[in-house]
Amino acid sequence: MLEIANLIKRYGQDEPVLKGLDLVVEDNSVVAIVGASGAGKSTMLRCINRLVEPSSGSIRLNGTELVALRGAALRRARRKIGMVFQGFNLIDRLTVMENVLAGRLGYVSLFQAVTRRFPAEDIDRAFALMERVGIAHYANKRADELSGGERQRVGVVRALMQEPEVLLADEPTASLDPRTSEQIMMLLQSLASELSLPVLINIHNVAQAKAYTERIVGLRHGTMIFDGVPAEFDKAALEAIYGGIEAPDDELTAAPAGIASGEES
Amino acid sequence: MTRPERAARTWRKPPFIANPLLRYGLLMGLVAYLVWAFGSLPFNWERIGEGLPRAGRIFGGGFPPSFERYDLLLTGFKESLQIAVLATLLGVMLSVPFAVMAARNISPMPVYLLGRAVIIVSRSFHPVIVAILFVAAVGFGPLAGVLTLTLYSIGFVGKLLAEEIEEIDWGQVEAIRAAGGGFLVTLVYAVFPQVLPRQVGLSMYQLDSNLRASAVVGIVGAGGIGGTLMNAFGRYDYAFAFAILLVIIAVILVSEGVSGWVRKRIW
């Protein structure tokens, strides 16, 4: 269970990006976090594994307070938090297998990491997970030789190698074509129930959020303004989250006029 | 076909320096400097006139180049090659920790300043000056040459590698950190693979460069072919000196070819 309480993040003296966020995610549930660019979705996710330092507040994962951790304790906590990135963030010049095993780097010694002598059960788990998502035959290929969808599968497997207690996905489908992104969403959904993991997915695509998750959280200007099941996420909620902010779709429909409305975001 | 009555439009490339005063001012300044420099530096035209035939004699004496004392040439080159390879290996290995220290994105401020300081110091003197210092410190011979070129390599490779590290894709670092990797693990998995091709290219270039420099530092007594060359000149054995120069050119050409080929293959 992931419990976020009164989470605040501000950069310098600017307006806070997150203004006292509260969120509880039970095990075995998939949560979509929607919101316009700059609403604080990414910052919130990155506060959980401390890629971004929260200014104040509390984040507890299965009872462990994450905000105060430092050094080795922080690294031990991060092992339990898998993350999937928009840009995949694979090590391009290493093989798929090395990328997958990178998920174990929090567990093995430096010597094991450098010499690639990972424990046999790690290798076995890697092959099992790669078979599960259909990339096992790529084990010895370089990561940058794969297509976008395949690379994101590597990213997902790497995160799962950590034996995480929560999975964070920061716009996992934004760099993918529509078909592939559906497949990745389906994969995340089924993995969550197979491994009974809480999964938090930042996503722009509201249709996908409704189709593949059980709960939608809407952020706007760093505060939560919607929290409910997909069925409740209606036009009004959409308007509340994105309204008044020029989305790319609005610009497209307004384009024939050829004149900007002047409402710069 | 009639065209509307209108003057043909013209276009000229805008001047590089827009302000005409500044543009012509700089030009005038340059001319003035050249006149002043040539007028005031002590060029002894008489002496230059005498020297030209002598230069002719030296070049004439160099032809045909003589490879008679090839054993001396071989010994000298073997030593130069040893110096260059050893210094490159040492320098490239030592440049890695200093480059990591001197990369702003992965090192804290005090470490960064220390790393930068080491690189700046090892870059601030030409190898010949460093060689003179090392010859004074450890005596004539190849050790001085190895030390000189190692320092030279640390400075050059360290600086460029640090800049390369500063431009890596940060996402890969975040991914390893997010998996719970520590600093060294992150270096090995997320940083080094990204800069590896560049480091290999730099090493090959540095080997090139050290080969050339090892000939020069030999002149001040730091071992290698430079010493042999200096002796040949000292004995007015221009034919042998020319043979040495030809071999230096050949070796540099070969090493450039090899390093170019390796750099292309590593990607």
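**Notebook: chain B spans and the chain A sheet**

I looked up residues 175-192 of chain B: the end C-alpha atoms lie 14 Å apart, and the span is 78% helix and 0% strand. I took helices (H or I, at least four residues) and strands (E, at least two) as DSSP runs, numbered from the N terminus.

I noted that this is a predicted model, in which local features need pLDDT of at least 70, side-chain atom pairs count only at pLDDT 80 or more, and totals for chains, interfaces and linings use all residues. Residues are numbered from 1 along each chain as its sequence is written, while chains are lettered from A and ligands numbered from 1 in the order in which they are written.

I then consulted UniProt, whose unreviewed entry lists "transmembrane region" for chain B at residues including 124-155 and 175-192. Its positions follow the numbering used here, feature names are shortened, and annotations may be inferred rather than shown by experiment. For residues 124-155 of chain B I recorded 84% helix, 0% strand and end C-alpha atoms 9 Å apart.

The unreviewed UniProt entry also places "domain: ABC transmembrane type-1" at residues 77-259 of chain B. I found that span to be 85% helix and 0% strand, with its end C-alpha atoms 19 Å apart.

I counted two strands as paired if DSSP finds at least two bridges between them; E1 (residues 2-9) and E4 (residues 56-61) of chain A, running antiparallel, are joined by 5 bridges.
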